[in-house]
Amino acid sequence: MARLASGVVFYDDCTAQQWRARHRGLAVFVCRNGLDQVSIAAARAAASVPSSRERKLVLFCSRLFAENRTEEVIDALCALPDDVRLGIIGDGPHRGALMEYARRANVADRVEWHGPVYDEACLAGLFGAALCTVYPANGGLSIVHAMSYGCPPLIGDDLGRHGPEARFVRDGINGLLYRSRSVPQLAELIRHLLKDRELWARLSHAALATASDLDTRKMADSMLGAICAVEE
């Protein structure tokens with residue numbers, strides 16, 4: 001299908017570079033996937049958030065499907081101090097099984113089920129209060145959403161199991177990567193963030209800086225530039 005097109009557009013630079021190498025002569029453009037950073041900045045400014053040392057909330061923000069491996073985050077919670085909580089944003093057919101999984105793991109009282117949340121002010125209160133957001137697999141645009149609030153993403157390092165937005169995460173710079181399916185390493189990274197608040201602050205600041213460039217207005221400009229380029 002791409003061979004019939006005048007050009008193709010990708011959400012991230014890495015995939016675009018791969019296509020340029022494989023398809024010589026095809027016009028390849030990058031339109032980095034993003035969000036309305038102006039409205040997010042307004043919600044962030046209006047939100048009341050805790051200090052870094054008061055942050056004991058770990059978030060999971062995605063649809064609740066089995067393939068997203070939310071159980072790994074629940075397992076990590078079992079290895080963390082009792083005052084650490086897990087907030088789950090999203091809904092899906094796997095929710096009932098996950099609630100039962102948390103009950104059997106004896107952490108049901110530490111898991112908050114927020115369901116699908118679309119109100120930016122509510123999201124600001126959640127992301128703004130969180131220590132980090134975890135994506136074992138299939139992390140997508142919500143990675144950018146978390147970073148837009150300075151909430152460092154922790155993602156499984158099998159990037160092929162994620163959406164293109166996972167390529168925006170730079171290990172140790174604006175987020176952390178852990179060995180895919182390794183619950184012990186995930187729990188250790190979260191413990192490290194709980195103890196090393198200077199590291200958390202650096203990751204948070206860099207996440208905000210990354211997200212500031214992932215804006216819908218810049219997306220529109222990039223798309224318009226791609227259209228104009230192929231029409232010349």
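First, the ground rules. The model is predicted, so local features need pLDDT of at least 70, side-chain atom pairs count only at pLDDT 80 or more, and totals for chains, interfaces and linings use all residues. Residues are numbered from 1 along each chain as its sequence is written, and side-chain values use heavy atoms, with hydrogens and water left out.

Let's start with charge. A salt bridge here is a side-chain nitrogen of Lys or Arg within 4 Å of a carboxyl oxygen of Asp or Glu. The count comes to twelve salt bridges. One of them joins R217 to D36, with the closest N and O atoms 2.8 Å apart. R217 lies in helix 9 and D36 in the loop between strand 2 (27–30) and helix 2, so this pair ties together parts 181 residues apart in sequence. Helices (H or I, at least four residues) and strands (E, at least two) are DSSP runs, numbered from the N terminus. D215 joins in too: D36, D215 and R217 are linked in a network of salt bridges.

How covered are these residues? Buried means under 20% relative accessible area, exposed means over 50%, and partly exposed is in between (1.4 Å probe, protein chains only). R217 is partly exposed at 41%. D36 is partly exposed as well, at 27%.

Now a local pair. R191 bridges to E188, with the closest N and O atoms 2.9 Å apart. Both lie in helix 7 (residues 183–195), three residues apart, or about one turn of the helix. R191 has 25% relative accessibility and counts as partly exposed. E188 is at 41%, also partly exposed. Another bridge joins D158 and R161, at 3.5 Å from N to O.

On to the buried residues. Take T133, in strand 6. T133 has 0% relative accessibility, so it counts as buried. What does T133 contact, leaving aside its neighbours within four places in sequence? The list is L59, C61, F127, A146, C151, P152, P153 and L154. Contact means heavy atoms within 4.5 Å.

G87 is in strand 4 (residues 85–89). G87 is buried, also with a relative accessible area of 0%. Its C-alpha atom is 4.7 Å from that of E112, 25 residues away along the chain. Beyond neighbours within four places, G87 contacts L57, V58, L59, F60, E112 and H114.

Next, a helix pair. The axes of helix 2 (residues 37–46) and helix 6 (residues 141–148) come within 10 Å and cross at roughly 45°. That makes helix 2 oblique to helix 6. Axes are lines fitted to C-alpha atoms, for helices over the stretch in contact, with angles from 0 to 180 degrees between N-to-C directions. Under 35 degrees is roughly parallel, over 145 roughly antiparallel, 65 to 115 roughly perpendicular, and the rest oblique. Q37, I40 and R44 in helix 2 meet V144, H145 and S148 in helix 6.

Two backbone angles to check. R69 is not a glycine, yet its phi is positive, about 55°. R69 sits in the loop between strand 3 (57–61) and helix 3 (71–78). R69 is buried, at 8%. N138 also has a positive phi, near 60°. N138 is in the loop between strand 6 (130–135) and helix 6. N138 is partly exposed, at 36%.

Last, the surface. V9, M223 and I227 make a nonpolar patch of about 220 Å². Patch residues have over 30% relative accessible area and no salt bridge; like charges are joined within 9 Å, nonpolar side chains (Val, Leu, Ile, Met, Phe, Trp, Tyr) within 5 Å. Areas come from the Shrake-Rupley method with a 1.4 Å probe; for residues, only the protein chains shown count as cover. M223 belongs to helix 9 (residues 216–231).
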